[in-house]
Amino acid sequence: MSNTLENALEVLRHVFGYSAFRGRQAEIISQVANGGDALVLMPTGGGKSLCYQIPALLRPGCGVVVSPLIALMQDQVAALRQAGVEAAFLNSTLSAAEASEVERSLIDGSLKLLYVAPERLVNPRCQALLQRAEIALFAIDEAHCVSQWGHDFRPEYLALGRIRRDLGDVQTIALTATADAPTRKDIEEKLFSVPPRVFVR
C-alpha cells in the first residue's frame, strides 16, 4: 500500500470514524492527494465528500469547495468542526463581520476546508482573497451546473474554469451525482485545461 493511501486511511479512521473506503473512494483519493485532477460521478450518499475532504487534509493549504447548496455547506462544516477539522463557509448567511473573520482565517493558514457559494466566488474581491491564500485543491460540487444542457445550469459556474486557471491551474476535482455524455463533455471542457481522470460509479 502506498504512503498516500496509508495516510488517507489514517485520516479516514481518526477524523471520520470509518474503518475502510467504499467503492472507488481509495482510487479517487489517491489520484487527488497525489496532485491529479478528477471528474467523479457518484450517486448521492455514495461518499463523494470524502473524495475531496481527505486529500485537502493531506495536502498543504486549504481546500476550497464550491457548492450551491447552502444547507449542505452548513451541515458539512458543522460535522467537520465536530471532528476537529478547521472548516468554514462563505455565503449569504454570514454578516460582514463573520465573513471578515473567515477571510482572516483563510489568509493566516488556519483553515483546512472552505466552502464557498458560486455567487460569492465570482466576486472579484473573493478571487483576490484566494490569490493571497495557499490553496490545497479546488473541489467543484454539483459540477453538472456548468452545463447548459442541464436544467440545473447556473451561469456562475461558467467562470470557474477561468478562476482555477487564474489560481495557477490549481488542482481540481469536479463531482456530480449524474451527468449524461453531453454534460460530462461540458464539464471537462469548461472546468479543466487538460482532461481529468474520470471515475464513474
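User: Which residues of α2 are buried, and how do you know that the term applies?

Analyst: In α2, the residues Q25, I28, I29, S30, Q31, V32 and A33 are buried, a term that requires under 20% relative accessible area, with exposed meaning over 50% and partly exposed the range in between (1.4 Å probe, protein chains only). The structure is a predicted model, in which local features need pLDDT of at least 70 and side-chain atom pairs count only at pLDDT 80 or more, while totals for chains, interfaces and linings use all residues. Residues are numbered from 1 along each chain as its sequence is written, and side-chain values use heavy atoms, leaving out hydrogens and water.

User: What makes α2 largely enclosed by the rest of the structure?

Analyst: Seven of the nine residues of α2 are buried, and the helix is therefore largely enclosed. Its buried residues pack against α1, β1, α3, β5, β6 and β7. Just after α2, G35 has a positive phi of about 95°.

User: Why is α1 described as roughly perpendicular to α2?

Analyst: Helix α1 (residues 3-14) packs against helix α2 (residues 25-33) at an angle of about 115°, and the two axes are 10 Å apart. The axes are lines fitted to C-alpha atoms, for helices over the stretch in contact, and angles run from 0 to 180 degrees between N-to-C directions. Angles of 65 to 115 degrees count as roughly perpendicular, under 35 as roughly parallel, over 145 as roughly antiparallel and the rest as oblique. On that scale α1 is therefore roughly perpendicular to α2.

User: What is the handedness of the crossing of α1 and α2?

Analyst: The crossing is right-handed. That term applies when the near helix is turned clockwise from the far one by less than a right angle, and left-handed applies when the turn is anticlockwise.

User: Which residues of α1 and α2 meet, and how do they divide into nonpolar, polar and charged?

Analyst: From α1, T4, L5 and A8 meet A26, I29, S30 and A33 of α2, contact being heavy atoms within 4.5 Å. The residues of this contact comprise five nonpolar, two polar and no charged. Ala, Val, Leu, Ile, Met, Phe, Trp, Tyr, Cys and Pro count as nonpolar, Asp, Glu, Lys and Arg as charged, and the others, Gly among them, as polar.

User: How do you know whether L50 and H14 are buried or exposed?

Analyst: L50, in helix α3 (residues 50-58), has a relative accessibility of 8% and counts as buried. Leaving aside neighbours within four places in sequence, L50 is in contact with L12, F16, Y18, Q25, I29 and P55. H14, in helix α1, has a relative accessible area of 65% and is exposed.

User: What makes β3 and β7 the edges of the sheet?

Analyst: The open sheet has seven strands in the order β3-β4-β2-β5-β6-β1-β7, with parallel pairing. β3 (87-90) and β7 (197-200) each have a single partner strand, so one side of each is left without a neighbour in the sheet. Neighbouring strands are turned by 20° against each other on average, direction ignored.

User: How do you know that β2 pairs with β5 and with β4?

Analyst: Two strands pair if DSSP finds at least two bridges between them. Five bridges join β2 to β5 in parallel, and C62 stands opposite I135 in β5. Four bridges join β2 to β4 (residues 113-116), also in the parallel sense, with Y115 in β4 as the bridge partner of V65.

User: Why is strand β2 called mostly covered?

Analyst: Five of the five residues of β2 (residues 62-66) are buried. Both faces are covered, with C62, V64 and V66 buried on one side and G63 and V65 on the other.

Terms used: Helices (H or I, at least four residues) and strands (E, at least two) are DSSP runs, numbered from the N terminus.
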